[in-house]
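Here's a quick tour of a protein's insides. Have a look at the sequence and the 3D view, then read on.

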Amino acid sequence: MAVAELTAPSICPKSNLRSSQLSYLSARFNSRRHQSFHLLRRVRSARISCSVNSQSPPVAVKTQDPKSKSSDCYGVFCLTYDLKAEDETKSWKKLINIAVSGAAGMISNHLLFKLASGQVFGPDQPIALKLLGSEKSFQALEGVAMELEDSLFPLLREVKIGIDPYEVFQDAEWALLIGAKPRGPGMERADLLDINGQIFAEQGKALNEVASRNVKVIVVGNPCNTNALICLKNAPNIPAKNFHALTRLDENRAKCQLALKAGVFYDKVSNVTIWGNHSTTQVPDFLNARINGVPVKQVITDHKWLEEEFTEKVQKRGGALIQKWGRSSAASTAVSIVDAIKSLVTPTPEGDWFSSGVYTNGNPYGIVEGIVFSMPCRSKGDGDYEFVKDVTFDNYLLKKITKTEAELLAEKRCVAHLTGEGIGFCDLPEDTMLPGEM
């Protein structure tokens, strides 16, 4: 190991970088045959220290022997900058750890750069990205890390990549679970529930063991409601309330359709709820929705359109997009993940609410407990949420909600072996999987 000695300057420039925020590490661990990756292992190259003490001794910068085997990390992500505690900046917040599964996929390709740019958690919030892939996708994951490096995001302080959730999820404060097996030709929905359920059972166990006790989990991989249920049931040490199934894209689609029909911009549409499952039984609620603060049914008087065409358009929007474009809605899904996170870290505007698939225990709507069901929520901006109480129901809405509730109960029975509630028994009434999950 070669050593170069530098003379420390008398004054170290004021920095906006915290020691806990400026560790960029991404190293591949190949000691096991199945290629589990032990990442956050400090590499020995390029340790740089800076001190404001003019009397500090020379700082040694160790450079790797060119004959030795290089580590699988990328440029700045291999560096560690150390500042004295009293010299840490006060202008940036404490680093937060964000784990993302399926990190080499198309949704993540849109999402990660929004996270790293500060669009989600704010321009003063440093983040660490912990990216989970598979053995098959690891090379692509390395490419993702390279692109993140080349983008020069000042808020991106760490990057970790790997295929072992027990290592990647270490100390995670947010877990965005995107990766799931797509539905193959001829695959029954019950089979997909079992295959993906096993993935989310394992990830739930990993979160339970190594993540922050207050980690917020957003499940995107489909069938997301039941996958979220499986995940939370396998993570008993994490509050069940912290688990979400993504139904924000459905809410955004509903707002779009209402705005188009009413001839207004979509920011005039509020109080939209998606009830139930992320499937074709989902219920886009126009009864409680508002346009310019006025109930939708008073603005859009074509109630037959609301009950039939509007509802079907929202339920099948993903399939219509695939027919037009030949691929699923990766970009808008990434946007909806951003919206879902921001709804939890930003106070909900007075009188409004947002949709999220959450655990039903304690809900005020009469929805059966013990499932993950999309409902209207509000947040104070602290990452938590509460149920909205002033919601109106009519016979049409109740009938639709009952149908999607029955579907989720059937899915729950199908995966009982993965939630610790007995032997799985599938009696799914019909195939209501959204087209994008095929």
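## Before we start

A polar contact here is a pair of N or O atoms within 3.5 Å, where one must be able to donate a hydrogen and the other to accept it. Keep in mind that this is a predicted model.

## Zooming in on Ser356

Let's begin with one residue. Ser356 sits in strand β16, which covers residues 354–359. Is Ser356 buried or exposed? With a relative accessible area of 8%, Ser356 counts as buried, because buried means under 20%.

Its side chain makes a polar contact with the side chain of His244, at 2.7 Å. Setting aside neighbours within four places in sequence, Ser356 also has contacts that include Ala245, Thr247, Phe373 and Cys377.

## Holes inside

The model has four cavities of 30 Å³ or more. The largest has a volume of about 70 Å³, and both Ser356 and His244 are among the residues lining it. Strand β16 gives the largest share of that lining, three residues. The lining splits into six nonpolar, four polar and one charged.

The second largest cavity holds about 50 Å³ of space. Its lining includes Pro284, Lys297, Glu307 and Tyr396, and divides into five nonpolar, no polar and four charged residues.

## The nonpolar cores

Which residues touch the most other members of the largest nonpolar core? They are Ile98, Leu115, Leu131 and Leu148, out of 54 residues. Helix α10 (residues 330–345) brings the largest share of this core, six residues. There's also a second, separate core of 26 residues, with Phe243 and Leu177 among them.

Key: Residues numbered from 1 in each chain as written. Predicted model: local features only at pLDDT ≥ 70, side-chain atom pairs only at ≥ 80, totals over all residues. Heavy atoms only, no water. Core = buried A, V, L, I, M, F, W, Y, C linked by side-chain atoms within 4.5 Å. Buried < 20%, exposed > 50% of the residue type's maximum accessible area, 1.4 Å probe, protein only. Helix = DSSP H or I, 4+ residues; strand = E, 2+ residues; numbered from the N terminus. Contact = heavy atoms within 4.5 Å. 1 Å grid on protein atoms, 1.4 Å probe; cavity = no way out; pocket = protein on both sides within 12 Å on 5 of 7 lines; lining within 4 Å. Points joined across faces, edges and corners; volume = space filled by probe spheres on them. Nonpolar A, V, L, I, M, F, W, Y, C, P; charged D, E, K, R; others polar.
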